[in-house]
Each structure stands twice: as C-alpha cells, then as structure tokens.
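Let's walk through this one together, starting with a single residue and then moving out to where two chains meet. Have a look at the structure first.

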Amino acid sequence: MAAEVMLMNEIEAKAASMGIDLNIDFNSIQLPRGEDCGIVSDDEDVYHDDHLEFDSGFGNVIVVDNLPVVPREKFEKLEGVIRKIYSQIGVIKEDGLWMPVDPETKKTLGYCFIEYNTPQEAELAKEKTNGYKLDRAHIFAVNMFDDFDKYMRVPDEWAPPEIKPYTPGENLQKWLTDEKARDQFVIRAGTDTEVLWNDARQSKTELVYKRTYWTESFVQWSPLGTYLATVHRQGAAVWGGANTFNRLMRYAHPQVKLIDFSPGEKFLVTYSSHEPSNPRDANRVVINIFDVRTGKVMRDFKGSADEFTIGGAGGVAGVSWPVFRWGGGKEDKYFAKLGKNMVSVYETETFSLIDKKSLKVENVVDFSWSPTDLILALFVPELGGGNQPARVSLVQIPSKVELRQKNLFSVSDCKMYWQSNGEYLAVKADRYTKTKKSTYTGFELFRIKERDIPIEVLELDNKNDKIIAFAWEPKGHRFAVIHGDNPRPDISFYSMKSSHNLGRVSKLTTLKGKQANALFWSPGGRFIVLAGLKGFNGQLEFFNVDELETMATAEHFMATDIEWDPTGRYVATAVTSVHEMENGFNIWSFHGKLLYRILKDHFFQFLWRPRPPPFLSAEKEEEILKYLKKYSKKYDAEDQDVSMLLSEQDREKRRMLKEEWEKWISEWRRASEEEKLERQKLRNGEASDEEEEYEAKEVEVEEILDFSEEVLFEE
Amino acid sequence: MRPILMKGHERPLTFLKYNRDGDLLFSCAKDHTPTVWFADNGERLGTYRGHNGAVWTCDVSRDSMRLITGSADQTVKLWNVQKGTQLYTFNFGSPARSVEFAIGDKLAVITTDPFMELTSAIHVKRIAGDSTEQTEESVLVIKGPQGRINRAVWGPLNRTIISAGEDAVIRIWDSETGKLLKESDKESGHKKTITSLTKAADGSHFLSGSLDKSAKLWDTRTLTLIKTYSTERPVNAVAMSPLLDHVVLGGGQDASAVTTTDHRAGKFEAKFYDKILQEEIGGVKGHFGPINALAFNPDGKSFSSGGEDGYVRLHHFDPDYFNIKI
C-alpha cells in the first residue's frame, strides 16, 4: 500500500509541475475492451473468474455427456428430448444446441453442447441435470464448457505442495492496547472510508487509516472488532493489522449484497441474489459460508428466493437478513435457518444438519437464539381462527428437547427480545380485544436461568397503549418501554427484581410525555439515551436509570443514527445521507455533553469498532472496581494535563491570530495613507477618509452686530 | 431589538445596499421595482419604476444623488434618487448581473451574463457628471471567464477590477488595459460558484461567499487568502461589520431542495463569525427561505437581510451585541 501511495503522490507532484488538472471523473473513463493498458488491478485474482467468462465467451455453454449414441434416423428425436429437458431450465440460444456426429458412422458421439443466454442459466442447468437419469444406461454427466480447460490442465504427476515458511501474523488486536484507552470507529463519506480514533480528551479525531474507494457498497466490523469487512462486486474482503489496515483475506462471491459474521467471527456468510432469465421465476439466491481465516467455502446454499423468505418481515430484496442465525455464543457451533414448517439447525463441525434432520415445527414463523446458551425460542402463530392458540416454545439444541412452552390466546403478532446474558426473554404479544376490533399489548417474561423457567405476565398500566420501543438493559435486570400514542409517548422502566421479592417484576418509574421513539442503552447498562429520531428531529435525553434522573437533554437536529461506543463512555449521533443536509456526526459524553461535531457531505456510515469481551477474570474486574479511585487518579492527572495544554494551545493560537491580523491592519493603513492623495483626486479633492469627515475646521466668522459712534474727546 | 419586517417586494430579494450616510437602504428583487427605505425605521420611501425584468443589483453614488441598477431585462439604468426618474439606460444583449460605481463615481463596472451566443463580460462605462452628456460606449470590455460573473468590484484607486463567479475563481484585472493580473489559487480557493463578494469599508480586503459552504477573506492588493469561514449551508450573501471584527454569512439550502417539514432544516440563518478567530458567534433566524442579500449599515449598528421569501428584515443590534466576547 505504502508504495502505491507514494506513487500517487509522485504522480500528483508531476502533474502539478506540468500544470495538469488531475481532477478526472474516473467513471467516465473506459478502457478498450480486453485491454488493461498494462494497469494491474488491485483485485486481479478476484476478477479472474469473471474474466474467464467474458474472455472466452463460453461461460454460458454446458457439455452434456453420456447421451445415447443414435443413428441418423433417431437424431431429431433425441435432439427433441434434450431440447425439452434443457429449455425448462433456461432459454437456449438460437442454434445453441449442437450435437456432433461422427462423419464416418453418421452416428452421434454421445455428447452435446448447449448454449444458454446467461452463465447463471448454464450453471443452474449443470446443477440440476448432472446425474439426471435418462434411462438406466444413460446418466447425464454435465459440465461447464469452461471447466474442461481447467480439468485438462491438471498435471498428470502429483507434485508435493510447497511448504511456506511460517511467518508470524500481525497482532490484529493491537488497537485494544492503545495507551490512552481510546476507541476506534469507521466512517464512510462520499468515496472515502476512514478509520479514526475518538480522541475525546482533545475533542477531536485522529486518523488511523484512510482509503478512497475502499468498498463498493458498505463496510462492516466483525463482531469482536478484529476485522473490517468491505464489500465489492466480486466478493467481500476483510482488513486488519497492528497499525494499519492490510487485506487479510478475500472471499469471492460475485455480486454479493449482504454479509454477516458469526458471533465468534470464525465464519462469514455472504449473500447474493440474481435476476432470473425468466421473469416469472423468483430470484436465484446464493449464500456462501466462508471460513474467515482460510477463506475456504465451508458450505454453499443455492436456491430460489422463495426458499429463503419464509417468515420475517423481509429485509433487503425480500430476504430477512441474516438468513442464518448463529447460536451458542462465541463458539460458533450452530446456525439455523427458518424453513417451511421447520427450523433447520446446522452444526459447523461438518456443516450439515444436526441428526441429518430439520426440526419440524408446524407453521413456525419466527425463531431466535439465546445470545449465550444453546436455546432456540420458536413462535407459532394462532391457527384455525383461534382454535389452535399461538405458541412460544424454548427448545434446547442439539438435543431438541422442549424446555418450556407457553400458549398464547388471541395473539395477532409477537416479538421476542433476549436479554444480553440470556437470563431473560421478553415476548411482546399483541392481542385482539374481545371484539377483535383493536389490539393491545402485553409481555410474557421468561426467567431462563431459574428452575422450570417461570413465566410472568406483564401488562402496562394503560393496556391500550401502543408499544413504540422495547429494550433490555445490557447485562442487567431492567428494561425500558416507550408506550402511548404519538406525539408525546411515555417511557417506563421496569426491573425483573423488586425490593422485597426477587422473583417479581416491578415498575421503577414512568416518564410522561417524552419526545422519544427509540431507546439506546449504554453497553454497560445504567445509562440510556431516549432519542426522538425522524419525526422528532433528533431530540436526545441522557437518563441515569440508577438514580432515575435526567442528566442532560440535547438535540442533534435531524439525527438518523445513534450508537454507543463499546465501552459505554461516549455516544455518537449521526445524520446519514438519508437527508441531504446536516450530514455528519456528533460525539457526546455518556452524560450528554457535546464533545465535538464533524460535518461531512454524503455521510453514509458510522460504526464503532467493537471490542471483544474483557480478558480479565471476574475477580480481577471486581478488584479494579473496588480500587477504582486509586486507578483513576492517574487518569485524572492526565486529563488535567491535557486540558491545561489545550487551553494553553488555544490561547497561543488566538494570540497568533490576533497578531497576524494586526499586521494586516497596519499594512492596510500604510497603503491607505500612501494612496490618500490620489484617492482625493479621484473624488475631485473631497477628503475621503472617515476621520477627516469629522475633523474640526476652524472658521472665523465676523459679523457686525451694531454700529455706533461716540465722540470721546471734546476739545 | 425586534427586527423590522419590510414587506414591499413580491418576489425574492436579490440585493441590498445602504447609502454612505446610512440613512437610506436600497433593495432589489426579482419583481421589477427597486425600492428605497428609511434605514432607521424601515418605512418605504419610494420605488424606481422602469425595469422590465428581475433586478439583480444596484449601487448608489457617494453623494446619494444617483442610483445605478442592473436587471435581467438586459439594461442598466441610472436614476435620480430623490425624484425616482430615469436618467439614462445602457442597453446590453444579455442580463446585467452586477454594477458598482468607482471611487469618484465617474466610472462604473457592469457585468453581463452569458446569453444566447454572447459570453459573459465585464464592461467599464464612463459616468458623466451631467446625465444629458451620458454616452453608451464602454471604456473597456473584458471577456474570458467561463460562466456567469456574479460580482465585479473596483480595487484600490480604481486601478484594478476584482471579479468572481460561477467558475469559482477570483480574478484581478487591470482596469486600464483589461489584462489579467492575478487569479486565486485552485487549491486554497473556492470549490464552487462564488455567489457574493463584498469589500471592506476602506477597500483593503474583501469577503467572498460560495456555494461550497464557505466564505473567504482576501487581501485586495495581493489576493492573499487571509481567512476561511466554514458553515453548513451554501453561502448566498456575505457582509462585514464596519464597526466590529464580525462577518455575517447568509444562505441556506437551495430553494428547490428545501424540505417542508421544519424551517430549521434549511438553516436560513444569518450566521455571525468572529472575523479574526474564524469562530461562529451566533445566528439571527427569521427568514422562511434562503437569504439572498445582506448589508451592514455603515455605522455598524444595524444590518438588513433579504430573503427568498420576499422580505427584508432590518435588525438594530441590542447593546449586548457590542459586548460579545468569545
């Protein structure tokens, strides 16, 4: 990278010296077809697959082998059969079916070539008909035409793989050892992607790494913050390193749209959806699961979009993402997918279904994993017009034993919220009233870690209130609910413990009439930001739930996104380019003090770099908490030094600016003085400078008031 | 003090100008009638009827006797300030965008827009003391810059002309020969159309405002960039306090991109900055559309703003304003 950057600098310098404008619209430049002008692409090997297709032009041709060998009379019949089979899969090009004939025997050779309109169709045809039994003696062997080349090139002799010497990898977690214990974040604005330090002490950012055109659609941190993933047309890539960002691995997946890491960041799931050639067909979906470190495809799933869109609200392109949800905490042991009347749970040792069978659940529409344990929560809606009640059940994996089940009556919809430690599960159920004309909402609270998993029902004080938002306190026992009707809903806080009885939920407080529609708990719990996004124009209230008091109210006008840093010390609010105006982000302290504000046009993303869970043992953490005063002394002193330094710098800067300005003023005075006479001449001699306007002019005026003659001497 | 809302124009304001004494305020708008107001109480004093198109700009002579206006009707007119009568009409083949009297009021610089096959141009006209002797011909015509020239003003001693416009470059021309003397640096200069340019009272430095959301302060003689003021909105109008070290930027979202949800969204504020420290001091809200024109009273105790909403707002500063410390 360094070499490239240098090169670019040199080019710019050269261009500047030659007076050439380097501001070129790169999109307008197109290299001649098949000509790269000797420019080696950064992503050459990812491109490679594509090139093969386009260069040879045979990417849409398949070869069908093991056909019956037939004489001339039967040629047309056989051709008809083949055409019938293969035109079901896609559109065969005109003259796209060619079955060669032996010129001597006039018999077919037992194979044919089929050319489709698109490579996708060809691929699909290969998948679907490879192994197709025409009759007992003729089982089709179908290959892509391009693959032949590849197979031909396999050397006959086995060569031992070259063993590369071991090179120790970089410390990918070095950012955690920052002396100032700062956090990083990535922003994307315009074509630039930047990773920055949040230097809150100095109220500014510090650049870690910046790259233009780093990604073609978006970036994403891995869940533990080790990697930054970028998404390109040819696939995804992950970046990381000790001090900078180097490409660590690439995952080829043409036209990838979405990506998802497993929670322990061992695997990367990539998703793409392809237009079918026949508009009546559903989109074709390709999902690959890669091993993040080796870059190997561990398993791929292909099929029509319908197979992947069961249940869920339907996110991008009709698929509720992530399709595969990971369970079992950071071990990355299991992942599951919702299917029709079933939940398919796979395990990552073999990448196959547990017990080779999916979990059959009639009419299941939603499921979610416990964030820590191998428990699946399943939701089955009401059926048969209420004869069969809706049901939430907890199922243990891999044993598939049902731990708990709860039937819910007259439920129209249901949402499941896990507390981050997997201790509690809240099920929000929207129920019909008796007349079925309206709905009201209640909560079923499961205590997962207690014996027999007791369930408690919670209803709001005013049952008819609409629930606008719900959020568990991370690692805590409290939750917050925004309820009521717009424009000024109420916010209530509940605890799963009450003062005298540990096993009962109790209300802590209700805040009336707040301009809020979203809840953002600090990752450490205790503090929460009550935010009014969208319609509320970015109202923010920083609330302390321990003391039940508001720490600060503020506004980030038009804010669209809010994210706490992973330590719970800072909050970032951002206006992304959903609006055209105000784009940029603010960084706030946890108690609602605005630290700094940065404006960027075309602002797309703000993401804090996640931190892995602390490596300290629970005892050690407790010890630190106990002696926090002692530890914090050092940091307090540092803070003070920095603030002294800052105000000193600030004073110095102001003094310099003033001095510089004075210099200009005196320069202007001098020039003005020099030009004074000439200026007067231009104005026909009229004095022009302001001070002269008020110059006192002495004018002697004599006036005769009276005239009298007196004779003084009389002689 | 409560701003005085001056309703008299039917279309968006385009330009505001105080006379030297600071007792009169001239306003131009897209309706065809420049208007003169008492700068103290905002009372309307009179109008200048005769233009047949949007009036983009005006200037008033030092003795407040003559007004010059430039209009989209492809004319520049000289008026008798007191009587409101037309003294003379210069005809051009394209709309006139900016006018300014030279020191001594014996010359005027006029810019015209590119129109049909005509390119934009800077014209220098001799202004006769007696308007019956006024002639049409130009002393000098400068062509060259691409796109509209939004503003052209005289440099010190009328020796130079400073122009700025759509190509985002500020140029200094020799007013005798029409030779290009200096050009602003592409790196440090504006990145988008320069919409406005205003000189300091003594002409030693000037301030330019641009759609690139910044205003820049330049030395008139050397074209040295002295300061940059960054804001969140495209800048349509700039003004400098003659009294304190303050600059004011006005603008707002493009009228076509304005949302209807909240007037705050457009940021139609006049923003005050400390001229030396480049820090924002405060803002004056009020307009319901972008601010197109700003002017300071020569005494520095009041300023007025003209908006896309068709209103002129006249603000007399409260005593606190004169004690602002940052």
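Start with A:Asn198: apart from its neighbours within four places in sequence, A:Asn198 is in contact (heavy atoms within 4.5 Å) with A:Arg182, A:Asp183, A:Phe185, A:Lys204, A:Tyr570, A:Ile587, A:Tyr596 and A:Trp608. Keep in mind that this is a predicted model, where local features need pLDDT of at least 70, side-chain atom pairs count only at pLDDT 80 or more, and totals for chains, interfaces and linings use all residues. Residues are numbered from 1 along each chain as its sequence is written, chains are lettered from A and ligands numbered from 1 in the order in which they are written, and side-chain values use heavy atoms, with hydrogens and water left out.

**More on A:Asn198**
- You'll find A:Asn198 in strand β8 (residues 192-199) of chain A; strands (E, at least two residues) and helices (H or I, at least four) are DSSP runs, numbered from the N terminus.
- A:Asn198 counts as buried because its relative accessibility is 2%, and buried means under 20% relative accessible area, with exposed over 50% and partly exposed in between (1.4 Å probe, protein chains only).
- Its side chain makes a polar contact with the side chain of A:Tyr596 (2.8 Å). A polar contact is a pair of N or O atoms within 3.5 Å; within protein, one must be able to donate a hydrogen and the other to accept it, and residues adjacent in sequence count only if both atoms are side-chain atoms.

**Where chains A and B meet**
- On chain A, 30 residues are in contact with 35 residues of chain B.
- The two chains bury about 2,900 Å² between them, 52% of it on carbon and sulfur atoms; this buried area is the accessible area (1.4 Å probe) that two parts lose on being put together, summed over both.
- A:Met581, A:Trp661 and A:Trp668 supply 24% of the area that chain A buries against chain B, more than any other three residues.
- Five salt bridges cross the interface of chain A and chain B, each a side-chain nitrogen of Lys or Arg within 4 Å of a carboxyl oxygen of Asp or Glu.
- One salt bridge joins the side chains of B:Arg221 and A:Glu675 (3.1 Å, N to O).

**Cysteines**
- Over all chains, the count of disulfides (cysteine sulfur atoms within 2.5 Å) comes to zero.
- B:Cys28 is in no disulfide, and the nearest cysteine sulfur, that of B:Cys58, is 3.6 Å away.
- B:Cys28 counts as buried because its relative accessibility is 0%.
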